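Good morning, everyone, and please bring up the sequence and the model on your screens.

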Amino acid sequence: MSNIEKTVIIGSGPAGWTAAIYAARANLQPLVIAGDGVSRERMPGGQLMFTTEVENYPGFVDGIDGQKMMATLQKQAERFGTRVLASFVTRVDVKTRPFKIWHINDLSGQPEALLLAHSLLVCTGAKANYLGLESERRFENQGVSACAVCDGALPRFRDVPVVVVGGGDSAVEEASYLTKFAKIVYLVHRRAELRASKIMAQRALSNLKIKPIWNSILEEVLGNDADGVTGVRVKNVNTGYVDNIACRGMFAAIGHTPNTSFLEGQVELNEKGYIALRDGFRTFTSVPGVFAGGDCADSVYRQAITAAGMGCKAAIDAERWLAEEGIH
Ligand code: NAP
């Protein structure tokens, strides 16, 4: 039988690298399956690879570039002996032990391979949903964002009009947050009623800096290479009326999708696909020996620092569980 890894970590965002730092220092000899980079969703480093500046992670007075931050976390994990595999996990079998993990590298053409592990830490993150417009992709990091808390305080959004798309708690929360910096926040929603909780909706709608644009869909992000976003084109779904709104930012707040499809039928997921944790503040999943940290198990906070904290907890939980199981 092949070697059995003590701890395999799937995912290489803040949760994955932090789990690796703790697991390596606890002598669990972790192997991180970091992603094969074949697409945005399979990018080693995760969502922060697409963030220009991280200004809210404690310890970086002047902020830090997202890619640099992930490279630094990786180096720190490797310094303690973490091994890294540029590969993407296609499926797992955690119904029997040791756990089976199939992975592939579609970039190098490496065929699917099988790994065995005593413990598994899932830190695969989530992806923000975008509208799917070509113009949205074009202006990413040039005014298009899916995270107001990450990007809202950047100079480009100060004292200018910005647009938030969506009608859920995220949209009203992001809109409210952006009023601290922006001149005015247009909240573009496809219906005339918000999905957000009453209290959060009321708070947003009573804020004079938030102007709802009801029954409207965003058809295109407007801009140019020099200035980035300069406006958006919206269409009223009832009247068909099309209007351009001048703005310097477009924040998509239409939900997130956790990267957990490979766990279906193996680990309990909640109704929205997030990994269901056994206990509010621990990282145990429905399967003993499988732990989860970061955005794949957190639909609420979704911050780099909270993901890192959960990765730390997952490694500590795994270390204790392995010791209890007598796996050294
Ligand atoms: P959500 O509740 O699923 O809302 C998504 C919103 O985006 C909906 O208003 C939806 O419109 C709209 N939408 C979806 N696809 C769209 C599209 N293609 N084009 C235009 N609009 C589209 O997602 P969320 O707001 O991210 O919240 C997710 C979960 O986290 C919820 O359970 C929420 O309560 C929770 N959350 C809590 C807090 C908090 O308590 N502080 C903060 C954020 C999130 P329709 O309404 O027409 O479907």
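This is a predicted model: local features need pLDDT of at least 70, side-chain atom pairs count only at pLDDT 80 or more; totals for chains, interfaces and linings use all residues.

Residues are numbered from 1 along each chain as its sequence is written, and side-chain values use heavy atoms, with hydrogens and water left out.

Side chains also reach the ligand: in aspartate 169, an N or O atom of the side chain is 2.6 Å from a ligand oxygen atom, and in arginine 190 a polar side-chain atom lies 2.9 Å from an oxygen atom of the ligand. Taken alone, the ligand exposes 920 Å², and the protein buries 72% of that; these accessible areas come from the Shrake-Rupley method with a 1.4 Å probe, and for residues only the protein chains shown count as cover.

Which residues come nearest to the ligand? Of the 17 residues around it, they are Asp169, Ser170, Glu173, Arg191 and Arg195, where a residue is near a molecule or strand if one of its heavy atoms lies within 4 Å of it. The shell divides into four nonpolar, seven polar and six charged residues. Helix 5, which runs over residues 169-178, gives the most to this shell, with three residues; helices here are DSSP runs (H or I, at least four residues), as are strands (E, at least two), numbered from the N terminus.

Serine 170 is found in helix 5. Its side chain makes a polar contact of 3.0 Å with the side chain of arginine 302, and a polar contact is a pair of N or O atoms within 3.5 Å; within protein, one must be able to donate a hydrogen and the other to accept it, and residues adjacent in sequence count only if both atoms are side-chain atoms. Serine 170 and tyrosine 301 are 131 residues apart in sequence, yet 10 Å apart in space, C-alpha to C-alpha.

Is serine 170 buried or partly exposed? With a relative accessible area of 22%, serine 170 is partly exposed, because buried means under 20% relative accessible area and exposed over 50%, with partly exposed in between (1.4 Å probe, protein chains only). Histidine 103, found in strand 5 (residues 99-105), is buried, with a relative accessible area of 5%, and a polar contact of 2.7 Å joins its side chain to that of serine 87.

Now to the cysteines: how many disulfides does a search of the whole structure find? It finds one, joining cysteine 147 to cysteine 150 with 2.0 Å from S to S, and a disulfide is a pair of cysteine sulfur atoms within 2.5 Å. The link is right-handed, with 75° about the S-S bond. Cysteine 147 is buried at 16% relative accessible area, whereas cysteine 150 is partly exposed at 22%.

Methods:
Ala, Val, Leu, Ile, Met, Phe, Trp, Tyr, Cys and Pro count as nonpolar, Asp, Glu, Lys and Arg as charged, and the others, Gly among them, as polar.
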